[in-house]
Amino acid sequence: MNNVRDNKRANKSLPFFFRTEFKVFFAIILVSTILLISTFSFDTVPPILNRGIQPATFPKGLLVLIIALTSIIYYLSFKKPWKKEKSLPRPFFLTILSFIIFIIISKTLDFFLAISVLSIFVSYYWGERRIFYLLLVSIIFPLVVFIFFEMILGLRFPPGIITNLYYY
Amino acid sequence: MMAPLFSSKLLLVLLFGTLFGLVLGVLPGLGPTTGGALILPFTMTLDPLSAIILLTSIYCAGTYGGAITAVLINTPGTPAAAATCLDGYPLAQKGEAGRALGMATVSSTVGGIFSVIVLVFFAPVLANLAYEFGQPEYFALAIFGLTMLASIGDGSPIKNLIAGAFGILISTVGKDFMTSIDRFTYGINELSVGIGFIPVVVGLFAISEMLTQSTLLDQVFKRVALKAVKLPSKDDYKKTWKTILRSSGIGSFIGVLPAEGGTVASLIGYSEAKRFSKNPEEFGKGSVEGIAGAEAANNAATGGAMVPTLALGIPGSATTAVILTGLIIHGVRPGPDLFKEQPEFLYGIFGAMLVANVLFFIFGFFGAKIFARITLVPNKILWPMIFAVSVCGTYSLSQSIIDVWIMLFFGVLGFFMRRYGFSVVPVIIGLILGELVEGTLRQSIVIFDGNWLMFLTRPIALTFFILSLIALAFPLIRSKKNKKII
């Protein structure tokens, strides 16, 4: 029982900058502050045209609210530390990597090819080894989706090495 | 009410929507919100009524579908079915899966039909009341909707509010609608039109769930065998009819409240069923009252949530936020004028929801065994397919590759939000209410000549502000009692 409790509250024994609550607090405050600073560079409306408040006022208010609420949850976490999360497994990082590969391929080579590569990559690293199912998720299904969107919705996909074969 | 439905095309749409909704509900991690967002681009080929009928039937059937997985594999197909696991699975383990699913099917259908009746009678009343609303009242109402986010689900109220504020912040990206000044665009032209609703929803729900599934690959589901769904016995009816009616009332009421939805309704429905039960000790061990309490409430929330969506343009839940987007995409502006100008459109929706409830009863009763088999599709095949549909669906709306990247960004963000206890639903509600909040605030300030205190001179606005304070205070007090503020 004690082991379970210790494990759940293990976060408390870490230095403050390694604790989950600090990392979350720091990330939110950092992003909010950068966004808040950027609101000061928004154009302003001359007083004669200004109706109500300036365009930057509302986002500024929201960002201040987010910073204030985040500070509250961080303060409260001293009284009740958050549970320590399990470390993320390898397939998670491979899935994130596949997203990055998807972006690169869709930008440089082909949108359809990017979907196929991601599908086969994810399916394989998630444990699928059967050739038919790998082909199903990477070629057959994306092709069906492509044709469906192209024929029924009249959608034109961005040009690329494979998509051009279909269009031209 | 049913007349607009007597067309083979609409009936076909309804049939497809119900079946598709059931499939989505059965698959853990998907559900009517994600499914609705994924199918939204496809609705562009349909007329407005067919499109909204498709979305509402997915909503009704998807909410029920979650119960099948909850009972058979102890994993709620949708968050709204979480309370159903508590008694559904223990009853199934006793070899009574058919009885558990029968009770879930009957109570869901009764709850759903009850809520449609509430919708038919209550939505026009609320719409009439909305004629009294000016900009300050709409602002106060939107604030009330946002403060209700504090009590969404079982999460931390403060984290929910942060997520809600973040959702509103996303809505400010792009050209300011009053002055055309760029905000948070950083020179990227595509961002001038703002961040679309669909990339955010698909990212936060589908892609973040894909990432979640990547962390659960070693999880093994123990599936309970199901022979056939059984109608509840006379004894079960005697035991549960009061619970079903009570939960139907609770679910409809919770649904009407802006931003609340089936998840909150089912938790309250379940706990009230336990409180009023003569045998509370049976709860958690396979009580049919527990199943009835949770299932009647979550399906009753569907009709309830449509009330503010149609009458005021304020979503009653995450899925109705998708339906609201569907309405807007198809050029239908929800609000009091809709009731005056297009009553046949509304009656078509009401009738479709009624029929969808009957249809999922039939499909659930005779096809639960088949739907349960869908859970056997391995994630390593299912999720790459969902990814392909998500990418193409997101791209199709504005034919912009930036939208796909935004979807991926929100997918990763949504994963970390959920990992650290932030619900993603408030982001969706905040995003959809953002423009209303800012627009009505700025117009009110113009009306009041900069005097903010004038808000307090408007009785309806003042009432909403008081309700907002109560909505904020209630979960904080409750959390303090349970020591769950963070």
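Predicted model: local features only at pLDDT ≥ 70, side-chain atom pairs only at ≥ 80, totals over all residues.

Reader: How do you know what confidence chain B has?

Author: From pLDDT, the predictor's confidence in each residue, from 0 to 100. Chain B has a mean of 87, and 95% of its residues reach 70 or more. Within chain B, helix H17 (residues 459-482) is lowest at a mean of 80, and helix H15 (residues 401-419) is highest at 93. The model as a whole scores ipTM 0.89 and pTM 0.86.

Reader: What makes up the contact of chain A with chain B?

Author: Two residues are in contact if their C-beta atoms, placed from the backbone, lie within 7 Å. By that rule, 53 residues of chain A and 50 residues of chain B take part. On the side of chain A, H3(A) gives the largest share, 12 residues; helices here are DSSP runs (H or I, at least four residues), as are strands (E, at least two), numbered from the N terminus. That side of chain A divides into 37 nonpolar, 10 polar and six charged residues. Nonpolar covers Ala, Val, Leu, Ile, Met, Phe, Trp, Tyr, Cys and Pro, charged covers Asp, Glu, Lys and Arg, and the others, Gly among them, are polar.

Reader: What describes the packing of H1(B) and H3(B)?

Author: Two packed helices are described by the angle between their axes and the distance between the axes. The axes of H1 (residues 8-26) and H3 (residues 48-73) of chain B come within 6 Å and cross at roughly 35 degrees. Axes are lines fitted to C-alpha atoms, for helices over the stretch in contact, and angles run from 0 to 180 degrees between N-to-C directions. The contact of this pair has 15 nonpolar, 11 polar and one charged residues.

Reader: Why is Pro334(B) called buried?

Author: A residue is buried if 20 or more other C-beta atoms, placed from the backbone, lie within 10 Å of its own, exposed if 12 or fewer, and partly exposed in between. Pro334(B) has 23, so it is buried. This proline sits in the loop between helix H11 (318-329) and helix H12 (336-341) of chain B. Not counting residues up to four places away in sequence, Pro334(B) touches Thr309(B), Leu310(B), Gly313(B), Leu324(B) and Leu327(B).

Reader: And what makes Gly313(B) buried?

Author: Gly313(B) has 22 other C-beta atoms within 10 Å, so it is buried. Its place is the loop between helix H10 (288-312) and H11 of chain B.

Reader: Why is Ser180(B) called exposed?

Author: Its count is 12 other C-beta atoms within 10 Å, so Ser180(B) is exposed. The loop that holds Ser180(B) runs between strand S1 (174-175) and strand S2 (182-183) of chain B. Its phi is near 60 degrees, a positive value in a residue other than glycine. Most residues other than glycine have a negative phi.

Reader: What about Phe184(B), buried or partly exposed?

Author: Phe184(B) has 18 C-beta neighbours inside 10 Å, so it counts as partly exposed. Its phi is positive too, at about 55 degrees.

Notes: Residues numbered from 1 in each chain as written. Chains lettered and ligands numbered in written order.
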